[in-house]
Amino acid sequence: MRRSSILFAIAWLALASGCARLPVTGVTPLHPATLSELRGYLLDHKADVDQFRLRGPFDVATYKDHELQLSATERIDTDLFLSAPAEKAPLAILLHGHDNSKDDHAYQAMHLATWGIHSLAVQLPNNGPWVGNGRTLARIVSLIHRQPEIIDSRIDVNKIILVGHSFGGAAVAIALAEGAPAAGGILLDPAGIGKDLPGFLRKIDKPVMLLGADGRLFPVRERDYFYLYIRSGITEVSIRNASHEDAQFPLEPAPHEPGADSFATEELQITFVSALTSAAFSLGHTGNFDYAWASFGDAIEKGKFFDALKK
């Protein structure tokens, strides 16, 4: 792919986002002509999470405030990030947490698309109810599974990946428990809520990856429920020194209010992005998280990732 066109797409997105910030990560040196070529190369070489810190090789077309008509009376506000390859490709659907918005996952969504994974950041009520949000998310997945052309005809409906942060992670788990036709889920430092959550978690029969912040420094409500109650197919790893906010990555920083503290650091946000991208590539192209788990090996050995669990 032409490096100039990649940079043009990124620059356009930066302008569209006002005060957008793009981390200085650089772009991968890989130059695949197709998504199949990229997939073949990555699967034939040593899995390494750090390679996903760089932006991927593909152009991204961005559609801010793309309205998704869920029913005659329901419309969902989304941001859509479409990867350039002509082949069918996975779709990641990203859901925010409490008091947050789709904007808080804009860089993650764009980054995934540069690696050949179409992305849709959705806006749902950000104070819950999270069970209701989970059921709405399941309906969104079902609609796209039936009619992918409402997003893009290049979406592979058998490779829809759900991504949720904080209570949005609980909503993703509920959507999977409710039978959303997704390949699986990636939970970004998820938070549990409600006495019914264990019952939902026991019903999940799709692969789940939990990417956690450092719970010793930034404990999150009932995060342990997810690994405890999902019966099998769950993989978990924590990122040392990461805060709950590091699991988000807006392009436009939120206004800083007097007395408000933000623990997010760009370096750890990039680490979350790299782990998320490895996990999404793994699930989207192999149907499980084995590739991602292998890619974490060096980081686990060095202590950058810790408390690695799988069952």
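In strand 6, isoleucine 186 is the bridge partner of valine 163. The model is predicted; local features need pLDDT of at least 70, side-chain atom pairs count only at pLDDT 80 or more, and totals for chains, interfaces and linings use all residues. Residues are numbered from 1 along each chain as its sequence is written, and side-chain values use heavy atoms, without hydrogens and water. Helices (H or I, at least four residues) and strands (E, at least two) are DSSP runs, numbered from the N terminus.

Strand 5 (residues 155-165) and strand 6 run parallel and are joined by five bridges; pairing requires at least two DSSP bridges between two strands. The chain passes from strand 5 through helix 5 to strand 6 in a right-handed β-α-β crossover (clockwise from the first strand over the helix to the second, with the strands pointing away from the viewer). Strand 6 also pairs with strand 7 (residues 208-212), in the parallel sense, over four bridges. Here leucine 188 stands opposite leucine 211. The crossover from strand 6 through helix 6 (residues 197-202) to strand 7 is right-handed.

Strand 6 (residues 184-188) is mostly covered, with five of its five residues buried (under 20% relative accessible area, 1.4 Å probe, protein chains only; exposed is over 50%, partly exposed in between). Gly184, Ile186 and Leu188 lie on one side, Gly185 and Leu187 on the other.
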